[in-house]
Amino acid sequence: MRIAINDISFFKGFERIDEARKALGQFGDVALQLMDARVSNVDAPVDIVNSNKVHKALELAPQYSLIEALNDLKSAIGEQYLRVLQILTMRGEEEDENAGVFCLFGYQSKHCARHKEDFLLSIVSDEKFAKKKVEGTLNDREACSIRNIADVEHIFSYWEELGFRLYENNPKHGKRKYIRAGGEKVSIAPESDELGQKLLNKAINYKGKLFSVDTERNNRIFEFRYSYANKYHGFLNEDLAEEDKNRIIEAAR
């Protein structure tokens, strides 16, 4: 999964310093959410790719550089600052000459064009960058729409592609296994919601199902199943064949 910093949204910038500060704060909130372990399809920060044209000296507002804005963010919200700094001061990738250019507001971006099939991560310098898709043109000719993340709500909207999974206990699975009427065996759930989320974060797909290994408790294997929206519940699976157990444990390392 690749998420590309939308350099055009940074080029456009802001008329006032206070607008730039506020927008960078929101950008930081979204970046933190994308770097959360619950977003399983994003290997952050590796998968969040910066443009080589977004750098510390870039002006976000008249006589107000990106590094000045980041320093202001550091004073207000330390954790956000560190995460955003990590992303925005990483050296951007080299431009791909074969990608063409994505065009919007008179700006051209080879970076956005290269990632037109991925996601953009935008700072909201215009209402067009606040939407779930950024609409522009490719090579100033062909209409082009790129999936966009500029608000935490966008992560919820794209939860399946991003792998944003939340654990929710199913009351059917308690602290003890039991047999239901009809002979169905019901296994135990993770002992706490915190453990359930931790195991779900690192769950792997094996034969079309999600499994996670509790390495701290004798390599117990939990299976996770889809409940609704982006919610999953889990239970201890003790019925796996020995070969499957070994393969799941090996894959989870």
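**Entry 1: setting up**

I count a residue as buried when its relative accessible area is under 20%, as exposed when it is over 50%, and as partly exposed in between, using a 1.4 Å probe and protein chains only. With that in hand, I looked up two residues: Y167 is buried, and F224 is buried too.

A note to myself: this is a predicted model, where local features need pLDDT of at least 70 and side-chain atom pairs count only at pLDDT 80 or more, while totals for chains, interfaces and linings use all residues. Residues are numbered from 1 along each chain as its sequence is written, and side-chain values use heavy atoms, with hydrogens and water left out.

**Entry 2: the whole chain**

I found nine helices and 16 strands in the chain; helices (H or I, at least four residues) and strands (E, at least two) are DSSP runs, numbered from the N terminus. Of the 253 residues, 47% count as buried. The C-alpha atoms fill a box of roughly 70 × 40 × 30 Å along the principal axes.

**Entry 3: a five-stranded sheet**

Next I traced an open sheet with mixed pairing, in the order β10-β16-β15-β14-β13. Its edges are β10 (166-167) and β13 (204-206), each with a single partner strand, so one side of each has no neighbour in the sheet. Two strands pair here if DSSP finds at least two bridges between them.

I then went along the sheet, pair by pair:

- β10 and β16 run parallel and are joined by two bridges; Y167 has Y232 as its bridge partner in β16.
- β15 and β16 are antiparallel, with six bridges; F222 has L236 as its bridge partner in β16.
- β13 and β14 (residues 209-214) are antiparallel, with three bridges; I204 has F211 as its bridge partner in β14.

Helix α9 (residues 242-252) packs on this sheet and touches β13, β14 and β15 (220-228). Contact means heavy atoms within 4.5 Å. The direction of α9 makes about 150° with that of β13; axes are lines fitted to C-alpha atoms, for helices over the stretch in contact, and angles run from 0 to 180 degrees between N-to-C directions.

**Entry 4: strand β16**

**Entry 5: rings**

I searched the whole structure and got nine aromatic pairs. Rings of Phe, Tyr and Trp (its six-membered ring) pair if their centres lie within 6.5 Å; planes under 30 degrees apart count as stacked, over 60 as edge-to-face and the rest as tilted.

W159 and Y226 are stacked, because their ring centres are 6.0 Å apart and their planes are at 5°. W159 is in helix α7 (residues 159-162) and Y226 in strand β15, 67 residues apart. W159 is buried, at 16% relative accessible area, whereas Y226 is partly exposed, at 45%.

Y167 and F224 form an edge-to-face pair, 6.2 Å centre to centre with 80° between the planes. Y167 lies in β10 and F224 in β15, so this pair ties together parts 57 residues apart in sequence.

Ring pairs also link W159, Y226 and Y232 into a cluster.
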